[in-house]
Each structure stands twice: as structure tokens, then as C-alpha cells.
Amino acid sequence: RYDWAMRRRALDAPALIRRVELLEEGFLALRDRRLDRAKQAAASLHEEFGPEARELKLLRAEILLAQNHPGRAVTALEQLKDKTPATGPFEATSSLATAYLRTGRAEEAMQAYKDIIEHHRAYTPYENMQAHWELRAALPIQKQNVSAAVSHRNEQDGSATRAEMIYSSPWWGAWRAQVFTHGDFINLKSTLSNIAFPSIDERIEAGARLQRRITEAFAIETHLGSSQDDILYGARIGNFLYPGLNWSAGFSGNARSTESIALEALDAREDRIDLAFGGPLSGPWNLDIRASANWVRVGKTNVGRGIGGSLALEYLVQTETEKRPEIAIGYLGEYRRFTPADVTSSLPSLLDTETHRHGLTAAYRRNLNEAWRLQANVGAFYAFDESTLQYTAGLSLQHYFTDDFMAYIDLRYDSNSRSLGEGGGAFEATAGLSKAF
């Protein structure tokens with residue numbers, strides 16, 4: 001015969017198994033960013049076990065995070081963590097860390113990821129590896145760090161090599177400073193003999209940015225700097241400090257113009273407005289919308305004004321797991337038009353006055369192990385302004401020597417460039433290092 005406690009546990013076992021199964025079903029749906037399936041699992045938990053079931057509250061908190069409500073998710077997850085027995089790990093530690101990071105609580109996010117790493121026996125090897133990668137993304141957001149990169153772009157008109165370095169200070173309360181410097185070294189193939197301006201071989205700029213965190217979803221940034229001949233200045237507002245669904249609006253004065261290598265050789269300058277909105281949407285979608293307007297000049301001569309924008313919508317065919325990479329397909333549309341200030345001037349002939357193309361993209365992303373990450377992408381487009389087919393390709397490889405020290409290399413090719421308004425392909429390679437302290 002069994003005593004009553006044993007009989008009670010035997011009677012409760014099927015219900016407990018069912019609750020765990022539904023919770024796991026919801027977790028897997030959220031891992032795959034299939035929000036509708038996660039909501040179905042939550043509805044089944046509510047129907048079968050009532051609104052006070054712990055598994056239901058846990059799944060609903062995770063759904064809040066997937067719906068881009070990180071603040072509400074933090075509150076719900078912290079309440080559940082406080083009621084978790086100290087004998088075992090909190091099953092949603094990774095999601096709580098993500099919610100912390102998206103709400104600006106980067107220090108707590110890093111500690112949560114470290115808890116997963118330090119108590120690795122309670123988690124799968126893949127969860128432990130993912131915690132390392134998430135911790136690495138959080139470190140430069142919170143800690144002081146320095147990054148350096150060198151890029152080389154080669155196209156029909158010539159080549160440009162750029163070197164830059166940025167130092168980001170630690171946070172002093174709600175304030176942070178950055179110091180930047182970069183130099184351009186230009187090798188022009190085509191002649192500018194018919195242009196009444198001297199060309200340059202290099203230009204160097206330096207300056208500082210000051211960031212002020214107002215709330216978890218709003219910040220301001222100002223910058224001031226100098227080139228050889230110009231004062232650089234600008235400002236930006238928005239939700240741009242932390243990962244998630246973000247937006248920003250910014251203005252830059254006397255910024256270097258990168259409309260074409262030929263204009264860069266003339267040290268062209270521009271005043272520029274930038275708008276951006278994007279990030280992960282609810283479900284398996286990523287969105288990136290950008291718009292800009294700029295006013296270009298060479299010396300005191302007005303070259304013209306440009307306006308344009310792009311829209312990228314990505315659909316995740318599958319998310320990354322321990323057995324598979326992340327694969328995404330998407331749509332990308334770009335439009336840009338430059339209106340010359342003087343149609344009789346030869347300066348507007350040094351850039352592509354219109355870009356109008358739409359097409360499809362595909363991306364592959366994979367954390368190969370705890371040290372290496374690989375990303376590859378391709379795109380195929382139809383250019384309405386030139387009535388031609390165009391394509392792009394990119395490859396990125398990251399290597400982490402430690403969680404706070406990494407190196408990377410990016411390779412990109414675009415069959416269309418802005419060379420003298422005649423198209424032509426452009427190849428760009430970038431190598432860089434980053435170290436957090």
C-alpha cells in the first residue's frame with residue numbers, strides 16, 4: 001500500500017508534466033520568434049490550469065519581452081525570480097538579462113549572463129555559449145572601451161583608405177563621453193583637371209561626443225570636432241543606446257561627404273539630417289527604415305542637395321540553435337536623388353545623381369563556437385534608374401580572444417557604386433579591434 005503523500009504525487013504527476021510541456025512549447029515558439037504559437041501555449045495554460053499558474057505567468061512575461069515591452073517584462077520576471085527556490089536556477093535568467101539590457105540596466109544584465117556562465121552545470125552547453133555572446137554585446141554598452149578599424153574601398157574612380165579610433169568612457173551617472181579621430185587617404189584614378197579646385201590626398205578629423213541618458217528609452221548626444229579647415233558639430237536624440245526596437249533623429253554640420261571618391265578628393269562637406277527606426281518586431285521580422293537629406297558643398301561652392309531613404313524588412317526562416325544557423329530572407333528598397341545647385345557646373349558630374357533599386361536579400365548567421373562568429377549575406381536587385389540587374393555580397397568574421405577583446409573582418413561587394421554617375425562595382429574590406437575595460 002502507498003501512503004497518502006505518495007498517492008497525491010502520483011495523481012499530480014500528469015498535470016505537472018502537462019504544465020511543463022506547455023511551458024516548453026511556449027519557450028520553443030519564442031526561441032523561433034513564432035509569437036502566435038507562444039500565445040496559443042499561454043492560452044492552453046490559462047484554460048487548463050488557471051490564471052495563477054506559475055508557468056503561465058512565466059510565459060506571459062517572456063511574451064512581453066517578445067512584444068518589445070522590456071520594462072514590463074523586467075517587472076514580471078523579477079517577481080517570479082523572487083519566488084524561485086534558492087536550490088535551483090531561475091529558468092528565465094537569459095530573458096531577464098535581455099530585458100535588463102534593453103532597459104539600460106546593463107550592469108545587471110552582465111551579472112545575469114555571468115550567473116549562467118558560472119553555474120554552467122545547470123544549463124545546456126549551448127545556453128552557456130550564448131551567454132558568452134550576449135555578455136560580449138553588453139560589455140561595450142556599459143564599460144569603457146576603445147575600438148580601432150581600417151577600411152579600404154576600391155571602385156572605378158579610385159580608392160579610399162580610412163582609419164578610425166573611438167574611445168568610450170565609463171558612465172558617470174547618466175553621462176558618457178566619447179573621443180574619436182579618423183583619417184582618409186584617397187587615391188584618385190580619374191582626372192579632375194577640369195575642376196577648378198585642388199584635390200587632396202588625405203584628410204584628418206577628430207572630436208568628442210557627449211551622451212546623456214534621460215530615460216531607458218530616450219537619450220541625447222552632441223558632438224564637436226574639427227578637420228583641417230572646418231568645425232564639426234551635431235546632435236542626435238532618440239532611443240539609440242541599447243538594443244531593441246529603436247529610433248533616432250540627428251543633424252551633422254560640416255560632415256565629410258562620401259557621395260563619391262571624386263568629391264572626397266575635393267574635401268566636399270555637407271550638412272546632413274538622418275532619421276532611423278528599426279529593430280526586432282513581434283514575430284519573425286526585423287525592420288530597418290532610414291531617411292536622410294544632405295546639402296553638399298566644395299569650399300564655398302554649393303554642389304546641390306540630396307534626399308533619400310531605404311527600407312529593409314527581414315523574415316527569419318529559422319533562428320539559430322545548437323544544431324542549426326540563423327537563416328533570413330528579406331526585401332530591400334533604396335531610393336536617393338541628388339539635385340544639382342547649378343546644372344552648368346561640372347561638380348555634379350562627379351556623383352551618381354539617382355539610385356532607385358528594389359530586391360531580395362538572404363543572410364546566414366552562425367556562432368561557430370565560443371570564439372568565432374560567421375555572417376554572410378547576398379542580395380539581388382533591379383535598378384529602375386539604370387534598367388539593370390545588380391547584386392551585393394558580404395562576409396563577416398568575428399573572433400573573441402576573451403569576452404572583452406575581439407577582432408573582426410568584413411568584406412563587401414556592390415555591383416553598383418556612385419562613381420561619376422556611371423555605376424561600376426565597389427569592393428570594401430574592413431578590419432578592426434575592440435577592447436573593453
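This is a predicted model: local features need pLDDT of at least 70, side-chain atom pairs count only at pLDDT 80 or more; totals for chains, interfaces and linings use all residues.

Visitor: How many residues of the contact of H4 with H5 are charged?
Guide: H4 brings Pro 70, Ala 73, Val 74, Leu 77, Glu 78 and Lys 81, while H5 brings Ser 95, Leu 96, Ala 99, Tyr 100 and Arg 102. By class there are seven nonpolar residues and one polar residue, and the number of charged ones is three.

Visitor: How does H6 run relative to H7, roughly parallel or roughly antiparallel?
Guide: The axes of H6 and H7 are 9 Å apart, and the helices pack at an angle of about 155°. Angles over 145 degrees count as roughly antiparallel. H6 also passes H7 in a left-handed crossing. The angle therefore makes H6, relative to H7, roughly antiparallel.

Visitor: How many nonpolar residues does the contact of H6 with H7 have?
Guide: From H6 the contact includes Met 110, Tyr 113, Ile 116 and Ile 117, and from H7 it includes Ala 131, Leu 135, Ala 138 and Leu 139. Glu 107 and Lys 114 of H6 take part as well, as do Asn 128 and His 132 of H7. The contact has three polar and four charged residues, and its nonpolar count is ten.

Visitor: Which residues touch the most other members of the largest nonpolar core?
Guide: In soluble globular proteins, nonpolar side chains tend to be buried together. The largest nonpolar core here has 49 residues. Helices H1, H2, H3, H4, H5, H6 and H7 each supply at least two residues of this core. Those touching the most other members are Leu 58, Leu 59, Ile 63, Leu 77 and Phe 90.

Visitor: How many residues make up the second, separate core?
Guide: This core includes Leu 266 and Val 296. Val 303 and Leu 350 belong to the second core too, and its residue count is eleven.

Visitor: Is Leu 23 buried or exposed?
Guide: Leu 23 lies in helix H1. Setting aside residues up to four places away in sequence, Leu 23 touches Leu 45, Glu 55, Leu 58 and Leu 59. Buried means under 20% relative accessible area. Leu 23 has a value of 10%, so it is buried.

Visitor: What about Tyr 391: is it buried or partly exposed?
Guide: Tyr 391 sits in strand S14, residues 388–402. Beyond its neighbours within four places in sequence, its contacts include Phe 381, Tyr 413 and Asp 414. Buried would need under 20% and exposed over 50%. Tyr 391 has 46% relative accessibility, so it counts as partly exposed.

Visitor: What is the relative accessibility of Gln 178?
Guide: Gln 178 is found in strand S3, residues 175–188. Among the residues it touches are Tyr 167, Arg 209, Gln 211 and Glu 221. Gln 178 counts as buried, because its relative accessibility is 12%.

Visitor: What is the phi of Asn 68?
Guide: Most residues other than glycine have a negative phi, and most peptide bonds are trans. Asn 68 is found in the loop between H3 and H4, and counts as buried at 19% relative accessibility. Although Asn 68 is not a glycine, its phi is positive, at about 65°.

Visitor: Where is Asp 267 found?
Guide: Asp 267 is not a glycine, yet it has a positive phi of about 55°. It is buried, with a relative accessible area of 14%. Asp 267 is found in the loop between helix H8 and strand S8.

How values were computed
Residues are numbered from 1 along each chain as its sequence is written. Side-chain values use heavy atoms; hydrogens and water are left out. Contact means heavy atoms within 4.5 Å. Helices (H or I, at least four residues) and strands (E, at least two) are DSSP runs, numbered from the N terminus. Ala, Val, Leu, Ile, Met, Phe, Trp, Tyr, Cys and Pro count as nonpolar, Asp, Glu, Lys and Arg as charged, and the others, Gly among them, as polar. A nonpolar core is a set of buried Ala, Val, Leu, Ile, Met, Phe, Trp, Tyr and Cys residues joined through side-chain atoms within 4.5 Å. Buried means under 20% relative accessible area, exposed over 50%, partly exposed in between (1.4 Å probe, protein chains only). Axes are lines fitted to C-alpha atoms, for helices over the stretch in contact, and angles run from 0 to 180 degrees between N-to-C directions. Angles under 35 degrees count as roughly parallel, over 145 as roughly antiparallel, 65 to 115 as roughly perpendicular and the rest as oblique. A crossing is left-handed if the near helix is turned anticlockwise from the far one by less than a right angle, and right-handed if clockwise.
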